[in-house]
Amino acid sequence: MFNIPTEISSTIHAYSSVAFENDISGLQRNWKRLQKCRDRDGIYEFLSEVFNLVAWWLADKKALRRSTERFARQGIHPVLDLEPFAAAIIAAATPTDVDKRTVSKWSRVLRYAYQFKPPSESLKKFVKRNGGLNKCATLYAHRLGRLRR
Amino acid sequence: MKLRIDKMLKFWVNAELGTIGDINNLEADEKRTVRVALQEFENQGYARRRLDEKGRVRWEATPAMRKYLREAELEASDE
């Protein structure tokens, strides 16, 4: 079924560009499903996929660096440490355009969840428990973003 | 670093490499072979890395692998 190479690679465990492309393709399929879906909770499935992917990049600094470089080559420039959330959303939606304010809102929701969501709780449950997407984006701005006091 | 692998992927790693028992009790060379196998699965779109319920990196089977196995099971039951 699968071809396991007998030659031992010196870059074992590196996050390859093929693996990166596979992950982004998965997000793109999820984005397309979201566009066709009329279920108002469909967004949580897509955002969970983005969250789960980027959360492991953030846990593995080398994977994060490689992903950031690949996004830069595609013309998507994450600017801050946690901006890969926005970059992943934009890459998932390519070639369609997503409204910048929507990307920003979803990215804030995911960054807020990254800071405060217990790993065992689903993103959907966490966001709903905190008042929904808009409320979580606002909470991010108040607790972690530019409105932080 | 300890390797964490979900049940389905572990089954396929075992199937490909022969029964290997507890992955974290392997000799260094064997462990290296498991890592190569995992990366190859990853490159083929059958494995991915995500965080587990405790926030630790874990290898898991992708939806593509799950679909492949579901279809294989259906084919087997038809025969």
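**Chain B: fold and contacts**

In chain B, 33% of the contacts between residues at least 6 apart in sequence join residues at least 24 apart. The model is predicted, and the predictor assigns the complex an ipTM of 0.85 and a pTM of 0.86.

- Chain B contains 3 helices and 2 strands, arranged from the N terminus in the order α-α-β-β-α.
- The C-alpha trace of chain B extends over about 40 × 30 × 20 Å along its principal axes.
- Of the 79 residues in chain B, 25% are buried.
- Helix α2 of chain B, residues 28-43, includes B:T33.
- B:T33 counts as buried because 21 C-beta neighbours lie inside 10 Å, the threshold for burial being 20 or more.
- B:T33 and B:A72 are 39 residues apart along the chain, and their C-alpha atoms are separated by 26 Å.

**Confidence in chain B**

- The average pLDDT of chain B is 88, and 97% of the residues score at least 70.
- Within chain B, strand β1 (residues 47-51) has the highest confidence, at 96, whereas helix α3 (residues 63-78) has the lowest, at a mean of 86.

**Chain A: overall composition**

- Chain A has 7 helices and 0 strands, so that its pattern along the sequence reads α-α-α-α-α-α-α.
- Buried residues account for 28% of the 149 residues in chain A.
- Among contacts in chain A with a separation of 6 or more, 55% are between residues 24 or more positions apart.

**Helix pair α1(A) and α2(A)**

- The axes of α1(A) and α2(A) cross at roughly 170° and come within 9 Å.
- The two helices α1(A) and α2(A) are therefore roughly antiparallel to each other, as angles over 145 degrees are classed in this way.
- On the α1(A) side, the residues that meet α2(A) are A:D23, A:G26, A:L27, A:N30, A:W31 and A:L34.
- On the α2(A) side, the residues that meet α1(A) are A:G42, A:I43, A:E45, A:F46, A:E49, A:V50 and A:L53.
- This contact of α1(A) with α2(A) comprises 7 nonpolar, 3 polar and 3 charged residues.

**Helix pair α2(A) and α5(A)**

- Helix α5 of chain A (residues 100-116) packs with α2(A) at an angle of about 55°, the axes being 11 Å apart.
- That angle makes α2(A) oblique to α5(A).
- The crossing in which α2(A) passes α5(A) is right-handed.
- From α2(A), residues A:L47, A:V50, A:F51, A:A55 and A:L58 meet A:W106, A:L110, A:A113 and A:Y114 of α5(A).
- By class, the residues of this contact of α2(A) with α5(A) are 9 nonpolar, no polar and no charged.

**Helix pair α4(A) and α5(A)**

- Helix α4 of chain A (residues 84-93) and α5(A) pack at an angle of about 130°, with axes 8 Å apart.
- The helices α4(A) and α5(A) are therefore oblique to each other, and their crossing is right-handed.
- In α4(A), residues A:F85, A:A86, A:I89 and A:I90 meet A:V103, A:S104, A:W106, A:S107, A:L110 and A:R111 in α5(A).
- The contact of α4(A) with α5(A) has 7 nonpolar, 2 polar and 1 charged residues.

- A:Y140 is located in helix α7 of chain A, residues 133-143.
- A:Y140 counts as buried because it has 24 C-beta neighbours inside 10 Å.
- Apart from neighbours within four places in sequence, the contacts of A:Y140 are A:R108, A:V109, A:R111, A:Y112 and A:G145.
- The C-alpha atom of A:Y140 is separated by 27 Å from that of A:R66, and these residues are 74 residues apart along the chain.

**Interface between chains A and B**

- In the complex, 20 residues of chain A are in contact with 21 residues of chain B.
- Both α1 (17-36) and α2 (42-59) of chain A supply at least two residues each to the side of chain A that touches chain B.
- The side of chain A that touches chain B consists of 11 nonpolar, 7 polar and 2 charged residues.

Key: Residues numbered from 1 in each chain as written. Chains lettered and ligands numbered in written order. Predicted model: local features only at pLDDT ≥ 70, side-chain atom pairs only at ≥ 80, totals over all residues. Helix = DSSP H or I, 4+ residues; strand = E, 2+ residues; numbered from the N terminus. Buried ≥ 20, exposed ≤ 12 C-beta atoms within 10 Å, placed from the backbone. Contact = placed C-beta atoms within 7 Å. Nonpolar A, V, L, I, M, F, W, Y, C, P; charged D, E, K, R; others polar. Axes fitted to C-alpha atoms, helices over the stretch in contact; angles between N-to-C directions. Parallel < 35°, antiparallel > 145°, perpendicular 65-115°, else oblique. Left-handed = near helix turned anticlockwise from the far one by under 90°. pLDDT = per-residue confidence, 0-100.
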